[in-house]
Amino acid sequence: MDEFIKLLDKDYELVQYQMKNIAIVFRIQSSRKELTCPFCGSKSMRTHSVYEREIQDLPIQEKKVILLVTTRKMFCGNPECRHTTFAEAHPFAAPKAQKTDRLISNILHTLAQLSSLNASKLLKSGHITVCKSSICSLLKKMPAIVDKLSIAKVCVDDFALRKRFSYGTVMVDLESHRIIDLIPSRETTDVANWLATFPNI
């Protein structure tokens with residue numbers, strides 16, 4: 001099992017794992033002694049406190065995978081830094097994220113081929129817990145970096161910017177399955193105006 005943890009990052013090690021009915025829980029920690037302050041770049045080996053982050057990862061053998069990651073809060077020794085402490089960053093997940101980067105990538109790849117509701121259902125059947133609103137939150141963070149003038153066909157889906165209050169529309173390239181744009185509206189007129197801008201579609 002330790003080899004599996006090393007696939008996340010070579011500096012992480014398995015402390016303990018537990019098999020449950022629907023999940024495998026891994027307790028892991030970093031073996032790095034020295035951490036870098038993200039605010040000033042200085043190194044620190046002084047631990048302020050320790051806590052656990054619960055992060056969902058890709059499933060194994062039809063079981064959900066939960067990582068309980070030991071996370072250190074460190075003192076910053078740089079007197080010129082405006083932050084006296086900082087939290088340990090983990091290379092496989094964004095700060096405060098509840099899912100690993102590779103799991104988020106899997107979710108977005110699925111979303112690019114299905115509506116957010118159907119994607120949520122499919123992922124749940126694959127032992128990945130994610131609701132439609134979470135998928136939409138991930139979707140809003142994705143940058144539009146595709147050359148729209150090269151697109152021929154698109155799939156159109158709506159999502160909630162703020163549930164029951166405001167909605168948006170996502171455009172997905174049917175050939176590459178990549179998200180190409182987000183529109184802060186799901187009104188037919190606004191979607192039609194967007195499509196009229198790109199006669200190649």
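Predicted model: local features only at pLDDT ≥ 70, side-chain atom pairs only at ≥ 80, totals over all residues.

Q: Where does Tyr17 lie, and why is Tyr17 called partly exposed?
A: Tyr17 lies in strand S1, residues 12-19. Its relative accessible area is 41%. Partly exposed covers the range between under 20% (buried) and over 50% (exposed), so 41% puts Tyr17 in that class.

Q: Why is the count of disulfides zero?
A: A disulfide needs two cysteine sulfur atoms within 2.5 Å. The sulfur of Cys37 has its closest cysteine sulfur in Cys40, at 3.7 Å, so that pair is too far for a bond. For Cys40 the closest cysteine sulfur is in Cys76, at 3.6 Å, which is also too far. The count comes to zero.

Q: Are Cys37 and Cys40 buried or partly exposed?
A: Cys37 has a relative accessible area of 2%, under the 20% limit, and therefore counts as buried. Cys40, at 31%, counts as partly exposed.

Q: What makes Arg102 and Asp57 a salt bridge?
A: The closest N and O atoms of the pair are 2.6 Å apart, and the limit is 4 Å. Arg102 lies in helix H2 and Asp57 in strand S5, so the bridge ties together parts 45 residues apart in sequence. Asp57 is buried at 0% relative accessible area, whereas Arg102 is partly exposed at 29%.

Q: How do you know that Arg32 and Glu88 meet in a salt bridge?
A: Their N to O distance is 4.0 Å, and the rule asks for within 4 Å. Arg32 is in the loop between S2 and strand S3 (35-36), and Glu88 is in the loop between strand S7 (85-87) and helix H2 (101-111), 56 residues apart. Glu88 is buried at 4%; Arg32, at 26%, is partly exposed. Both belong to a network of salt bridges that also includes Arg72.

Q: Why is Gln56 called buried, and which residues does Gln56 touch?
A: Gln56 has a relative accessible area of 7%, and buried means under 20%, so the label applies. Gln56 lies in strand S5, residues 47-60. Beyond four places away in sequence, its contacts include Val65, Ile66, Leu103, His127 and Ile128.

Terms used. Residues numbered from 1 in each chain as written. Heavy atoms only, no water. Helix = DSSP H or I, 4+ residues; strand = E, 2+ residues; numbered from the N terminus. Buried < 20%, exposed > 50% of the residue type's maximum accessible area, 1.4 Å probe, protein only. Contact = heavy atoms within 4.5 Å. Salt bridge = Lys/Arg side-chain N within 4 Å of Asp/Glu carboxyl O.
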